Amino acid sequence: MEQLLVTLSGVVVAVVASIALFVAANLVLDQAVRRFRLFAALVGALAGAVVGALANSGGWFKGGSAWPVGGAVVGALVGALVVARRHRSPEEGRRTANRWRPAVFLFPAIAFLTIGLVIPTIRTIFLSFHDRRTENFVGFDNYRDIYGNRTIFSWNGFGDILGSRLFLAGLAIAVVALLVTVLRGRASRRGVDLWAPLPVLSLSVTVSLVVLAAVGSLRGVIWNNVFWVLIVTSVSTVLGLAIAVLADRSRGESVAKSLIFLPMAISFVGASVIWRFVYAWEPEGETQIGLLNAVWVFVGGEPQAWTSQQPWNTLFLIAIMIWVQTGFAMVVLSAAVKGVPDELLEAARVDGASEGQTFWRVTLPHIRTTVAVVVTTLVILVLKVYDIVKVMTNGGNGTDVIANRLFQEAFVARDLGLGSALAVLLFVAIVPLMYVNARRASEGEGT
Amino acid sequence: MKTTSPTRRIGLLAVVLLFMATFAVGCADDDDGGDSGSGGGGGGEDSGTVTMFGPEVEGEAQGLVDAFAPFEEAEGVTIEYQGDRGFEELIGNRVDGGDPPDIAFFPQPGKIRDFAADAVALPDSVRSVAEENFDEGMLEFATVDGELYGVPVKADLKSLVWYSPSDFADAGYEIPETMEDLLALADTMIADDKTPFCVGIGSDAATGWPFTDWVEDFMLRLKGPEVYDQWVNHEIPFDDPDVVEVVQYVQDLWATEGMVRGGPENVADIPFAEAGVPLLEDQCMMHRQGNFYAANWPDGTELGEEGDVNAFYLPTFADQSFGQVTLTGGIYAVAFSDRPEVIKALEYLAGTEFADNRAPTGGFLSPNKNTDTTKYPTEIEQTFAEILGAADPARFDASDLMPGAVGAGTFWDAAIDITSGNRSVEEALADVEASWPED
């Protein structure tokens, strides 16, 4: 209790001090207009105090508070006597003040971001080039370990994809669909159109089958992350879009959408606990307490330990994320679908377009940017998946993902080097997406 | 109001700056005062607080805290114990984050080596008490470069098989004296349409460890303590033919038709804490698990020869002569501060008084060879103490002695991979071998 009070009062003091610092900085700037000498002295004192504190921060000079105070005095003298010797007009002073005002306002945000984000990122990158206790520089050894570790990443099994039935079936579908499309295009006068439902849908099926073939053949933490991203993103987006369009303006829309959106209110850990019960397994002959096994046994199957059986157990974990995230995709896309101007849809119908064609040729192109936002947001979210895997299997049975593995390596096995390297890997994967998202956000500002 | 006079502005500025200066000075004082404060405060009627962090929770944690009551009274020290099942994942964070507990309880002495750089080498005052009360072998696990870093505070007896005395009596089964008898008994049970073993290796983040215990028990019985030590110390590779043979032996035993309830491929889905309970419902006849499983039987279960469940020593093969090999485990206390009250607490932990105070609360088996065995509250705990005393030789849980990355990592993964049939024994053990950290 006492400890808590000390901590709380510390926080209060820190907040008040930050505000005071901010107010003080603004007041100092105000002085630049009339009393330039005072302004210069104060800025000098501030700079001197910071330099003094930094110089003493490692306790290197054993000077205690003498260093910042001394720095402040020296800085003030330098500011008052040297910098301010050139007399400034009030106008010049005002310009100086205006030039520095944005910096004062940005400083708090930048300071927090630096302490909380930039420094840790740089430190993590730095650590990733060091050994497990971060004592010796080891160059790219940790990254080589990632590449060389069969449980993290390997090309083993890549050849199996090409031979798997799923892949061959997918290939056959793609070939047939492309042939049909090309022949049809030739027959009609409009030419070959790849953006028609048939080629798009069949190619999607092909891609899904190839991904499934990969799930069946490839092992390793990084591959698992790739599967998570591909499957959750695509299924959530497509399902969300389908629900948004089908429920649009239908009766009971709000009820249906609320139900789909509900899982969003549950944390990943909570959702995982729920799904642990759904996937629960009991030996054959016992009462199945798991929903899925109860149904499965009812229709005549043998009870299955869904989350233990490689390689498909990853899919059962992925289903949880889809269950949670489809609501998000649906809500955002639904808003976009409702934003498609009625005149456009009406014009399409007047021109004789079917409902399918209206959706495919009018609605979908119109909400393209929203779809892109949903996709990038989901990819970033899914790349960082951790909670679900942690709760369901803790990475066992070949279901591990990068975020869980980096925690295990860094904090359980205490190999900070390898853990940091995995973190950097995740960071590097996410940065381009963040960039795209940020770019889009700033473009949106312009319009 | 809109325009403040210049003088007032400067006054305000001065006040703000003064305030900040006070704040800065206050901060500096805080930093300095932190160290001296705890030392200086110790001079008063309260000689300080010792924080402890360990994996034991609930009843076991309470027993530990209660056993410290006489110490707290005598020394005027307050003990603050914090228990968390996720100890293994959290302790590294706390130590690396600069917030270590004064004393941490490590269930895996293999990890002490990882933490030796941060821990306090115990002074002679603790060492001499410990050497009086514990086997040399037990202290050796906690010794790094000749310095003692840990004190054993609790022992686990793992070479045990739980059974129901009444079921055995009804079916006319005898307690097996040799492993051959045990295996023959299991075959008889299968013939009688009974399932010999309940097995569950699920344990959240630590899923797999009961399998490693089985492997260790059979390593001792099939290959003997010498090979066992070589295996622990990595003097033979993890995928050595001897190791492969033993792991394969356990896996084959489990995979025998009808041997394990639910079949071996699903044991990872059965939490170890619930695994033995079907024994009470006659769904299986035996459950190989340590003495600590006593706490996992449902409330109201009578333990002991006349009770619902009892335990016998997992026997050895008659055609081997390695002695009464016994698998043990245990918890070690490691200090991260050398304040006098922390060292005193460790002296107390190493002494016989702690064990004698801890024993009566139950759920405890002392590694201290001078413990008064009459202090154990129940008949079954005295049985455990007897078996532990008769151990010749005892061997500490191998996975707990191996480096954390293996013993609390890839070995468990291998257990899951092997039992679920996802990888062959050779493949899985080759993975473990590859993960052994280089020095």
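**Contacts, packing and confidence in a predicted two-chain model**

Q: Which residue is the bridge partner of Y163(B) in strand 9 of chain B?
A: In this predicted model, Y163(B) has its bridge partner in strand 9 of chain B. Strand 7 of chain B, which spans residues 160-163, pairs with strand 9 of chain B in the antiparallel sense over 4 bridges. The partner of Y163(B) in strand 9 is N310(B).

Q: Which strands stand at the edges of the open sheet in chain B?
A: The sheet is built from 3 strands in the order 8-7-9, with antiparallel pairing, and the twist averages 30° from one strand to the next. Two of the strands each have a single partner strand, so one side of each is left without a neighbour in the sheet. These edge strands of chain B are strand 8 (286-288) and strand 9 (310-313).

Q: Where in chain B is confidence lowest?
A: The mean pLDDT of chain B is 86, with 89% of its residues reaching 70 or more, and strand 8 of chain B has the highest confidence, at 96. By contrast, pLDDT stays under 50 over residues 28-45 of chain B, a stretch for which the model has 6 contacts beyond four places in sequence. Where pLDDT is low, the predicted coordinates should not be read in detail. The lowest confidence, at a mean of 52, falls in helix 1 (residues 6-41) of chain B.

Q: Which helix of chain A supplies the largest share of the side that touches chain B?
A: The predictor gives the complex an ipTM of 0.71 and a pTM of 0.79, and in the model 24 residues of chain A are in contact with 32 residues of chain B. On the side of chain A that touches chain B, helix 1 (2-34) and helix 18 (402-412) of chain A each supply at least two residues, and by class that side has 13 nonpolar, 8 polar and 3 charged residues. The largest share, 7 residues, comes from helix 1 of chain A.

Q: At roughly what angle do the axes of helix 1 and helix 2 of chain A cross?
A: V28(A), Q31(A) and A32(A) in helix 1 of chain A meet residues of helix 2 of chain A, among them F36(A), L38(A) and F39(A). The axes of helix 1 of chain A and helix 2 (residues 36-55) of chain A come within 6 Å, and the angle at which they cross is roughly 145°.

Q: How are helix 10 and helix 13 of chain A oriented to each other?
A: Residues K257(A), I260(A) and F261(A) of helix 10 of chain A meet T326(A), G327(A), M330(A), V331(A) and S334(A) of helix 13 of chain A, and the residues of this contact divide into 4 nonpolar, 3 polar and 1 charged. The axes of helix 10 (residues 253-261) and helix 13 (residues 313-338) of chain A come within 8 Å and cross at roughly 140°. Helix 10 and helix 13 of chain A are therefore oblique to each other.

Q: Is L416(A) buried or exposed?
A: L416(A) lies in helix 19 (residues 416-446) of chain A and, not counting residues up to four places away in sequence, touches L127(A), R132(A), T134(A) and A410(A). A residue counts as buried if 20 or more other C-beta atoms lie within 10 Å of its own. Because L416(A) has 23 other C-beta atoms within 10 Å, L416(A) is buried.

Methods
Residues are numbered from 1 along each chain as its sequence is written. Chains are lettered from A and ligands numbered from 1 in the order in which they are written. This is a predicted model: local features need pLDDT of at least 70, side-chain atom pairs count only at pLDDT 80 or more; totals for chains, interfaces and linings use all residues. Two residues are in contact if their C-beta atoms, placed from the backbone, lie within 7 Å. Ala, Val, Leu, Ile, Met, Phe, Trp, Tyr, Cys and Pro count as nonpolar, Asp, Glu, Lys and Arg as charged, and the others, Gly among them, as polar. Two strands pair if DSSP finds at least two bridges between them. Axes are lines fitted to C-alpha atoms, for helices over the stretch in contact, and angles run from 0 to 180 degrees between N-to-C directions. pLDDT is the predictor's confidence in each residue, from 0 to 100. Angles under 35 degrees count as roughly parallel, over 145 as roughly antiparallel, 65 to 115 as roughly perpendicular and the rest as oblique. A residue is buried if 20 or more other C-beta atoms lie within 10 Å of its own, exposed if 12 or fewer, and partly exposed in between; C-beta atoms are placed from the backbone.
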